[in-house]
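Walk through this structure one element at a time. Keep the 3D view open beside the text.

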Amino acid sequence: MNISRRTFLFLSAVGLAGCGARRDRLRIFVYAGNHDRIMREVFVPAFEGETGQTCVLESGWWDAIAKLKSSPTGQPAFDLMITDATQGYPAIREGLFAQLDQANLPNAGAMAPAALDNAVWRDRIGVPYPDSVMTLAYRRATVEPAPRTWADLLRDSLKGNIALYSSFYMSLYTFACMRAAQEGKPGTAAALVENDLKGMLDYAAQVRGRVKLWWKTSAEMILDLGRGEAAACNMHSPEMLQALREEKALAAVVPEADRAMVQVMWCVPADSPRKRLAETAINVLFSDAVQRAFAERGSATAIPRVAAEVAAADPVWASIYPHTPAQFEALRYYPYEVYAKHWDEIATEWERRVLRAG
């Protein structure tokens, strides 16, 4: 377990404070894989040490909302759950989550204002925060000179040798970044999706021929990039950050213009009998020590003071994630509101014209 001395001291302290009888069990849904691992290593001892209560983690992906909906009234499958904008927004509209008492969440309130400038937080339905940032990854030996903007994916030398994520929430935005940079208007990618959705789908259909691979998991794409199956790709940052530390043949850049991040959120099911304890868990999640430990393992953090500390100690992390006042001010999520409004239309067009070319 590789953590900083400060994080070790914090976890040791809360562990000592938590000796006592276990009185309750908080059921928490987490994402499988790296998120589950970090939650078990970092959050569980911090939460149980601070509260004297037990938490039980259940990991998965797209199955969480279905499990919640099928739960008996008053007995939700989870007392606290992580979800993302693609699943969380519809669940919010269906009334599946409780309103939170933000007075119980001072640590979450310490995030950069841009991270909380969202209806989820304003309506007190959950705590949104930035997770993965869209990253331009490439093989050093086959991409010369090193790319600096998303327009570099349009180089003639890369035609038919790039890879993009198969899900449109990320790659439609990648196409928007490419178009914005190509037109000499970096910083306008979100506006292109918001104001010219049809034009962006047309552009994606026109440019799709440059794509060799449509990847489905970060692990498979990193392997393909390492083997030379593609020269460059868009990528989720946590997995790419780990790959950069292990594979010197790979490199990555996050262009400042149009930087976009995945929005995930912590929500409490509407009929959980442990709402107050779940709010305590959220507050522990956004404590400086837990956020620092997450960042040390490759995640982003929107707590400015923590981000600055991690960036000062880790130049590779600093090259990927926002950590300065200017970067936090410019923090932007993918255009999920547009996606939610036009989901079926985009999904149909993406499948028919972009992934399958007609």
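**Salt bridges, strand and core**

The count of salt bridges comes to 23. The model is a predicted one.

Start with E94 and K69. Their side chains meet in a salt bridge, 3.1 Å from N to O. E94 lies in the loop between α4 (85–93) and α5 (113–116), and K69 lies in helix α3 (residues 64–69), so the pair ties together parts that are 25 residues apart in sequence. E94 is partly exposed, with a relative accessible area of 47%. K69 also counts as partly exposed, at 46%.

Next comes R122, which forms a salt bridge with D117. The closest N and O atoms of this pair are 2.8 Å apart. Both R122 and D117 are exposed.

An α-helix has 3.6 residues a turn, so residues three or four places apart point the same way. R353 is partly exposed, at 21% relative accessibility. E349 counts as buried because its relative accessibility is 18%, and buried means under 20%. The pair belongs to a network of salt bridges that links K198, D202, E349, R352 and R353.

Stay with α18, residues 343–355. The helix has a kink of about 25 degrees, centred on E349. Its buried residues include I346, W350 and V354. What do the buried residues of α18 pack against? They pack against β5, α7, α9 (197–207), β6 (211–215) and α17. Just after the helix, A357 takes a positive phi of about 55 degrees.

Now turn to strand β7, residues 232–236. Five of its five residues are buried, so the strand is largely enclosed by the rest of the structure. Both faces are covered. A232, N234 and H236 are buried on one side, and C233 and M235 on the other. Which strands pair with β7? Strand β4 (residues 127–139) pairs with β7 in the antiparallel sense, over five bridges. Within that pairing, T135 has M235 as its bridge partner. Strand β5 (residues 162–165) pairs with β7 in the parallel sense, over two bridges. There, I162 stands opposite A232.

Then look at the largest nonpolar core, which has 131 residues. F43, L172, Y173, F175, W266, Y334 and Y339 touch the most other members. Helix α7 (residues 168–182) supplies the largest share of this core, ten residues. Beyond its neighbours within four places in sequence, Y173 is in contact with residues including M134, A189, V193, A260, Y334 and Y339.

Two loop residues complete the tour. Y333 sits in the loop between α16 (325–329) and α17 (336–341). Is Y333 buried or exposed? At 9% relative accessibility, Y333 counts as buried. Its side chain reaches the backbone oxygen of A115 at 2.8 Å. Leaving aside neighbours within four places in sequence, Y333 also has P128, Y129, P130 and M261 among its contacts. Y333 and W61 are 272 residues apart in sequence and 20 Å apart in space, C-alpha to C-alpha.

R297 is in the loop between α13 (288–296) and α14 (304–313). R297 counts as buried, at 12% relative accessibility. A polar contact of 3.0 Å joins its side chain to that of E41.

Key: Residues numbered from 1 in each chain as written. Predicted model: local features only at pLDDT ≥ 70, side-chain atom pairs only at ≥ 80, totals over all residues. Heavy atoms only, no water. Buried < 20%, exposed > 50% of the residue type's maximum accessible area, 1.4 Å probe, protein only. Helix = DSSP H or I, 4+ residues; strand = E, 2+ residues; numbered from the N terminus. Pairing = 2+ DSSP bridges. Contact = heavy atoms within 4.5 Å. Polar contact = N/O pair within 3.5 Å; in protein donor to acceptor, adjacent residues only side chain to side chain. Core = buried A, V, L, I, M, F, W, Y, C linked by side-chain atoms within 4.5 Å. Bend = angle between axes of the 7 residues up to and from the residue. Salt bridge = Lys/Arg side-chain N within 4 Å of Asp/Glu carboxyl O.
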